[in-house]
Amino acid sequence: MSQSITLYRVSQEDFEAMKANPAETEILNISKENLVFPQTFEGLKFILSKEQDEATVSLLEQIFYPETYICKEIDLDSKETLSEDLDLESTAIYYNDKEDVADMHAFLSNISVEQFKQLYDAKELNENGVYPYNVWIEEGAPDRAFTRKHLAREFADLKEFIAAAKTDNDYVLSFVW
């Protein structure tokens, strides 16, 4: 099974409604836009983290793995036993607030797609065991994943997504699946 992340832009009004009643919220119904990173987010994070200080690396980590969350309560009293397949991670909605999004935008807006392409090094990604392991290549067919061009396109999408979230003062939700 491969690991991907989906980011969702949510308005402050919809975020507050979700916060008040998370169990009844359908994220897709309140999302203005979503962006999926199928197996590539670790590569993006690795490349963007190069030569950055600890605070910036932490901010980059937070784009994909926010620390703040809203709990979806589970009525444990109604469950006779806790089954092993109960996914407690699915009981949380992880998000970045407007201030975090503004910080992310400030960082990302200072890196051009060309600069990102220059930072890409397939050999380095593979040698450092960046997920997915040993699939990174320099170039390939136009629709080939895990190449310099493919990851640069995803970086451009991320920049655009975060810029739109900042402009609209949106929250950004993050789901790993």
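**Ground rules.** I number residues from 1 along each chain as its sequence is written. Since the model is predicted, local features need pLDDT of at least 70, side-chain atom pairs count only at pLDDT 80 or more, totals for chains, interfaces and linings use all residues, and side-chain values use heavy atoms, with hydrogens and water left out.

**Overall fold.** I looked up the secondary structure and got 8 helices and 5 strands. My helices (H or I, at least four residues) and strands (E, at least two) are DSSP runs, numbered from the N terminus. Along the sequence the pattern reads β-α-α-β-α-α-β-β-α-α-α-α-β.

I then checked burial, where buried means under 20% relative accessible area, exposed over 50%, and partly exposed in between (1.4 Å probe, protein chains only). Of the 177 residues, 40% are buried. The accessible surface is about 10100 Å², and carbon and sulfur atoms own 46% of that. Those areas come from the Shrake-Rupley method with a 1.4 Å probe; for residues, only the protein chains shown count as cover.

For contacts I use heavy atoms within 4.5 Å. Taking contacts between residues at least 6 apart in sequence, 74% join residues at least 24 apart.

**The sheet.** What is the order of the strands in the open sheet? I read E2-E1-E5-E4-E3, 5 strands with antiparallel pairing. The edges are E2 (31-38) and E3 (68-71), each of which pairs on one side only. Neighbouring strands are turned by 30 degrees against each other on average, direction ignored. I count two strands as paired if DSSP finds at least two bridges between them.

I zoomed in on E4 (residues 92-96) and E5 (residues 171-176): they run antiparallel and 3 bridges join them. Tyr94 stands opposite Ser174 in E5.

Helix H8 (residues 148-167) lies across E1 (4-10), E2 and E5, and runs at about 155 degrees to E2. Axes here are lines fitted to C-alpha atoms, for helices over the stretch in contact, and angles run from 0 to 180 degrees between N-to-C directions.

**Aromatics.** I found 11 aromatic pairs in the structure. Rings of Phe, Tyr and Trp (its six-membered ring) pair if their centres lie within 6.5 Å; planes under 30 degrees apart count as stacked, over 60 as edge-to-face and the rest as tilted.

Why is the pair of Tyr8 and Phe175 called edge-to-face? Their centres are 5.6 Å apart and their planes sit at 80 degrees, so edge-to-face it is. This pair links distant parts of the chain, with Tyr8 in E1 and Phe175 in E5, 167 residues apart. Tyr8 is buried at 12% relative accessibility, while Phe175 is partly exposed at 23%.

Next I looked at Phe41 and Phe64: with ring centres 5.8 Å apart and planes at 40 degrees, the pair counts as tilted. Phe41 is in helix H3 (residues 41-49) and Phe64 in helix H4, 23 residues apart. Phe41 is buried at 0% relative accessibility, and Phe64 is buried at 1%.

**Gln62.** Back in H4 (residues 54-64), I looked up Gln62. Is Gln62 buried or exposed? Its relative accessibility is 15%, so I log Gln62 as buried. Leaving out residues up to four places away in sequence, Gln62 touches Glu67, Asn96, Asp100 and Met104.
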